Structure formats: structure tokens, C-alpha cells
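Please keep the sequence and the model in view while reading.

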Amino acid sequence: MEDTKITNTSKLPVVLPATDIFETEKELMILMEMPGVKLENVDIQLESDTLSIHGTSSLELPEGVRRSHAEFRPRNFKRVFEIYQNINSDAIEASLKDGVLKITLPKQTQTSKKIAIRQAN
Amino acid sequence: MNRKNSSYEIVYNPMAELQRQLHSLFDNFLGEMPSRTPQLPQLHVTENENAILVTAEVPGISQENLEIHLENKTLILKGERKRETEEKEGTWHRVERSFGSFKRAISLSSEVDASKVEAVYKDGVLHISLPRLEQNNSTKRISIRNS
């Protein structure tokens with residue numbers, strides 16, 4: 001497989017991708033439109049409560065063609081969310097299908113923790 | 001060709017490009033507004049002397065819900081974006097994507113060979129290559145019948 005990882009993305013315009021967020025008892029699900037983005041060009045980071053999602057789209061064209069019309073260009077999709085839920089960061093899953101990024105963030109299961117009582121001297 | 005359909009649009013329109021630029025100026029001015037799913041697929045057209053390449057962004061549409069038709073010099077894209085069925089109990093906190101059917105027609109700059117048109121769908125982007133109909137440039141000699 002050819003290496004399609006995009007390295008220099010800083011010059012591309014940045015847009016906010018259209019996003020749907022669904023919450024169930026067990027998880028948060030994020031669906032984000034990222035047409036033309038390959039999984040290797042997606043970066044997802046969760047730092048404390050901040051979830052950052054970044055993807056870069058590409059458009060491979062043969063040489064020697066002239067552009068006669070353009071409603072879109074290669075671009076950076078960037079979005080940052082504050083997550084006010086305890087997320088099990090080890091169990092986050094992401095997949096891409098038909099240009100839609102799906103991120104599943106399982107909530108940390110609330111287990112009651114027994115507090116040991118020390119004997120005061 | 002049915003032009004009554006409101007989604008009919010001619011692509012080679014410099015005014016549309018100007019309008020798009022004005023919109024993007026506004027978008028920049030308004031700052032961080034999330035983009036909604038465009039109701040119509042966003043197009044990118046490139047060409048050379050042999051072929052026309054039409055690229056369309058249609059995120060969230062599965063291949064079986066996409067249709068491509070060619071009527072002379074008009075390429076027609078049809079599709080339906082269906083919401084992922086979510087049977088689980090839950091709450092939608094944010095709904096920015098849009099769903100439903102679309103139809104978009106594109107005027108091509110020349111006649112193309114319908115039998116050689118190829119379409120590939122990948123990562124939510126439809127790539128259609130339309131080889132131009134071969135123009136017979138050589139002068140054709142007309143034989144003269146003896147009456």
C-alpha cells in the first residue's frame with residue numbers, strides 16, 4: 001500500500017466538520033463528516049476533558065489536468081469538544097466509513113469503591 | 001431534459017463561484033460556525049483534452065444509494081443520505097448533518113463516450129472519469145458513385 005500520510009498540512013484551510021453527537025447510558029458516539037480523509041490522516045486526542053479531532057482530506061488528481069470548477073479543496077477538519085463525562089480513554093474506538101468518522105467513547109463505569117478506615121492512634 | 005426540478009444547476013457559472021467566495025467571506029467573518037452538510041454534493045471538475053474528471057463529495061452515503069446518469073452532455077448525480085439507525089436509547093446532543101435525497105445535474109463541456117465512463121467511490125468521495133467522444137478530425141473522403 002502506498003504511503004498516503006499527509007505531512008505538510010499547515011497551509012490547508014481549516015473547517016469545522018458537521019457533527020452529530022449521541023449519548024447513551026454507556027457511551028458517547030460522535031459522527032463527523034470528513035469526505036476524502038483516510039484513517040491514517042486522522043488524529044484524535046483526549047487530554048483531561050478536552051477531545052481534539054483533526055483530519056486532513058486529500059484530492060489525488062492525474063497530472064496535466066486543468067481545474068474548471070471547484071467547490072471544495074483539500075482541507076483540514078478540526079474540532080474540539082469539552083467532554084463532561086468520565087471516559088475510559090483506553091477503550092475509545094474510531095472508524096471511518098463513506099467519509100464519516102465515528103468515534104465511540106465508553107463512559108467510565110461507576111464502581112463504588114470501599115474506603116478503608118484507618119484506626120486513629 | 002426536465003428543468004423544472006429546482007435542484008438543476010449549471011456548473012459552469014462564474015456567478016456561482018463569486019457567490020461561493022462571498023459566502024466563504026461571510027463564514028470567515030462569522031468565525032467558528034460549523035459547516036452543515038451541503039444538501040447537494042460539492043463538486044470539483046478537472047479536464048484535459050482527452051477526458052473530464054468529476055469529483056463529488058457525498059459523505060455518509062453508501063454506494064448502493066448513489067446513482068449516476070448520463071444524458072448527452074449532462075451528467076446527473078442522484079443519491080440518498082440515510083441516518084444510521086440508532087436503536088439504542090439515548091439523547092442527540094448535536095445534529096448538524098443533514099439527510100434526504102438530492103439530484104444534481106452538471107453540464108459537461110463536450111460530449112463524452114458513455115460506454116467508457118468509469119466511477120469509483122472511496123472515502124465518501126465519488127470520482128467519475130468521462131472520456132471525451134473522439135472527434136474525427138481527419139477529413140473524410142466521399143466516394144462518388146457513377147450514375
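Two strands are said to pair if DSSP finds at least two bridges between them, and the strands themselves (E, at least two residues), like helices (H or I, at least four), are DSSP runs numbered from the N terminus. On that basis E2(A) and E5(B) pair in the antiparallel sense over four bridges. This is a predicted model, in which local features need pLDDT of at least 70 and side-chain atom pairs count only at pLDDT 80 or more, whereas totals for chains, interfaces and linings use all residues. Residues are numbered from 1 along each chain as its sequence is written, chains are lettered from A and ligands numbered from 1 in the order in which they are written, and side-chain values use heavy atoms, with hydrogens and water left out.

**The sheet across two chains**

- An open sheet of five strands runs in the order E8(A)-E9(A)-E3(A)-E2(A)-E5(B), with antiparallel pairing.
- Strand E8 (93-97) of chain A and E5 of chain B stand at the edges with a single partner strand each, so one side of each is left without a neighbour in the sheet.
- From one strand to the next the twist averages 15°, where axes are lines fitted to C-alpha atoms (for helices over the stretch in contact) and angles run from 0 to 180 degrees between N-to-C directions.
- Where the sheet passes between the chains, Ile21(A) has Arg94(B) in E5(B) as its bridge partner.

**Strand E3(A) and its partners**

- E2(A) and E3(A) form a hairpin with three residues between them, and they pair in the antiparallel sense over five bridges, with Leu31(A) in E3(A) as the bridge partner of Asp20(A).
- E3(A) also pairs with strand E9 (residues 100-106) of chain A, in the antiparallel sense and over seven bridges; in E9(A), Leu105(A) is the bridge partner of Leu28(A).
- Strand E3 (residues 27-33) of chain A is mostly covered, as seven of its seven residues are buried, a term that means under 20% relative accessible area, with exposed being over 50% and partly exposed in between (1.4 Å probe, protein chains only).
- Glu27(A), Met29(A), Leu31(A) and Glu33(A) point one way from E3(A), while Leu28(A), Ile30(A) and Met32(A) point the other way, and all are buried.

**The aromatic pair**

- The structure holds one aromatic pair over all chains, and because the rings of Phe22(A) and Trp92(B) have their centres 4.6 Å apart and their planes at 50°, the pair is tilted.
- Rings of Phe, Tyr and Trp (its six-membered ring) pair if their centres lie within 6.5 Å, and planes under 30 degrees apart count as stacked, over 60 as edge-to-face and the rest as tilted.
- The pair crosses between chains, from Phe22(A) in strand E2 (residues 19-23) of chain A to Trp92(B) in strand E5 (residues 91-95) of chain B.
- Phe22(A) is buried, with a relative accessible area of 3%, whereas Trp92(B) is partly exposed, with a relative accessible area of 30%.
- The charged end of Arg83(B) sits over the ring of Trp92(B), 4.7 Å from its centre; this requires NZ of Lys or CZ of Arg within 6 Å of the ring centre and within 35 degrees of the ring normal.

**Confidence and chain B**

- The mean pLDDT (the predictor's confidence in each residue, from 0 to 100) of chain A is 88, and 89% of its residues reach 70 or more.
- Chain B has one helix and eight strands, and buried residues make up 33% of its 147 residues.
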